[in-house]
Amino acid sequence: MPSAGTVIIGAGQGGYQVAASLREFGYSERIVIVGDEPVLPYQRPPLSKAYLLGEMTAERLLLRPQSYYEKHQIELITGDRAVAIDRAAARVTLVSGAALDYDRLVLATGARNRKLPVEGAGLTGVLYLRTLAESDAIKERFAEAQEIVVVGAGFIGLEIAAVASKLGKRVTVVEPLARVMSRAVSPIVSDFYAQAHAQWGVQLLLNTRIERIRGEGGRVVGVSLSEGRELPADLVLVGIGIEPETTFAQNAGLAIANGIVVDAQLKTADAKISAIGDCAAFPEPGGGRMIRLESVQNAADQGRCVAKRILGEAADYGAVPWFWSDQRDLKLQMVGLTAGCDRMVVRGNPDARAFSVFCFRGDRLAGIESINHAGDHMFGRRLLAAGETLTPDEAGDPGFDLKARLTRLMPARARTAG
Ligand SMILES: Cc1cc2nc3c(=O)[nH]c(=O)nc-3n(C[C@H](O)[C@H](O)[C@H](O)COP(=O)(O)OP(=O)(O)OC[C@H]3O[C@@H](n4cnc5c(N)ncnc54)[C@H](O)[C@@H]3O)c2cc1C
């Protein structure tokens, strides 16, 4: 019997990558991608950056044009949602009623926005940002809105605030925690970004909660804060995190724990089914605890890892995590996981808006957060990928040559070839 091929659920960053890598590595069987959004797979990062600002067209968001899928015989079903998996029959059913048999099934269903649980959250003018349609809706509102309240000072909230302030809006960011981007960056970088936003005219209210959103005639007119303060608002943009999209996998009896649980090779307990990207909880390489990452790098590298395994090259997923965030003139690039680090060393000059924070756990480098300092970021990616470290003293010594350190790591053959 011919193989039913690979079915991929979710036509986002990870889903696209599995299909593209399968073809690139020589897979000749059927590939079907199913996505519920009515568009070709696209990149989300510009939705809160250049695209939101109006500096990038929708066409440029696409990961590939339509012709790519035709040329590589990748069947793309858009605007349809997978609703059930019959694991015994190895078949997926779509909301349209269509059924797809699979030999391998990859779940790349991403995540959905966490909803703000307060009165008034359903008013017109309260918006979220995950999809192209949601970015378009915000852009449309930007045309008229003047008083914008952003709920949540994570990456998405601050990127929206950066765009809105650049467009000349009055922007207030309300954050219940004591510092910005606190889940992901060191206090040094949090403080730097708080100051940068203040310079851009953004009002940042830390340790503050939204109690209620006030409306008139069904439209937002303001918000009530925890300390009894009231703010006017004609647009409320909520960025309070995401929840992995796991319902579909859960209904099929797969284990869920902050994501679809997979092993080091990104397989679920059902050997035919893998999960990747924002929806997948996997063992931290070299660590053992279960983690879930929300980044382009993670979705794409996990897509490649699963494609290789389908082609018989099974290996544990071990890529070094990296991430970026663009806010006006500041490019933040992060490598490694820096949460919980106990020692931080600054390299470069924060006053010149170009520096890095090298973050250590004990004496071991856990990651680097770079602001307008791409060289340090690239250094960190290569150093950590090689399983190497450097000492806090070396990191803090402006005379210490990072490039020379990398050259020492490179195998002699690569050096002579270069
Ligand atoms: C506004 C924004 C800015 C970002 N900026 C950055 C950044 O600067 N740097 C960075 O590294 N990362 C950034 N990210 C995160 C990054 O885009 C995600 O981590 C990445 O897209 C995850 O890829 P994925 O394939 O797991 O999920 P997604 O790309 O979200 O794709 C999942 C797709 O599956 C669909 N789907 C879900 N369930 C079903 C179903 N049952 N049937 C069919 N389809 C289904 C979803 O609708 C979605 O289209 C940003 C994200 C957003 C929203």
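The model is a predicted one. Eight residues from domain 2 and 11 residues from domain 3 make up the contact. On the domain 2 side, the residues touching domain 3 come out as six nonpolar, one polar and one charged.

Now to the ligand. There are 36 residues around the ligand, and Gly10, Gly12, Gly14, Gly110 and Gly277 come nearest. Two or more residues of the shell come from each of helix H1 (13-24), strand E2 (31-35), helix H8 (296-310) and strand E22 (322-327). Domain 1 (6-112 + 243-310) and domain 2 (126-240) each supply at least three residues to the shell around the ligand. Sorted by class, that shell holds 15 nonpolar, 13 polar and eight charged residues.

Lysine 272 is worth a look of its own. Lysine 272 sits in the loop that links strand E18 (260-261) to strand E19 (273-275). Lysine 272 counts as partly exposed because it has 15 C-beta neighbours inside 10 Å, a count that falls between the 12 or fewer of an exposed residue and the 20 or more of a buried one. Setting aside neighbours within four places in sequence, lysine 272 is in contact with Ala90, Arg104 and Leu105. As for valine 150, 122 residues separate it from lysine 272 in sequence, and the two are 42 Å apart in space, C-alpha to C-alpha.

Conventions:
Residues numbered from 1 in each chain as written. Predicted model: local features only at pLDDT ≥ 70, side-chain atom pairs only at ≥ 80, totals over all residues. Helix = DSSP H or I, 4+ residues; strand = E, 2+ residues; numbered from the N terminus. Contact = placed C-beta atoms within 7 Å. Nonpolar A, V, L, I, M, F, W, Y, C, P; charged D, E, K, R; others polar. Near = placed C-beta within 6 Å. Domains from an automatic or database assignment.
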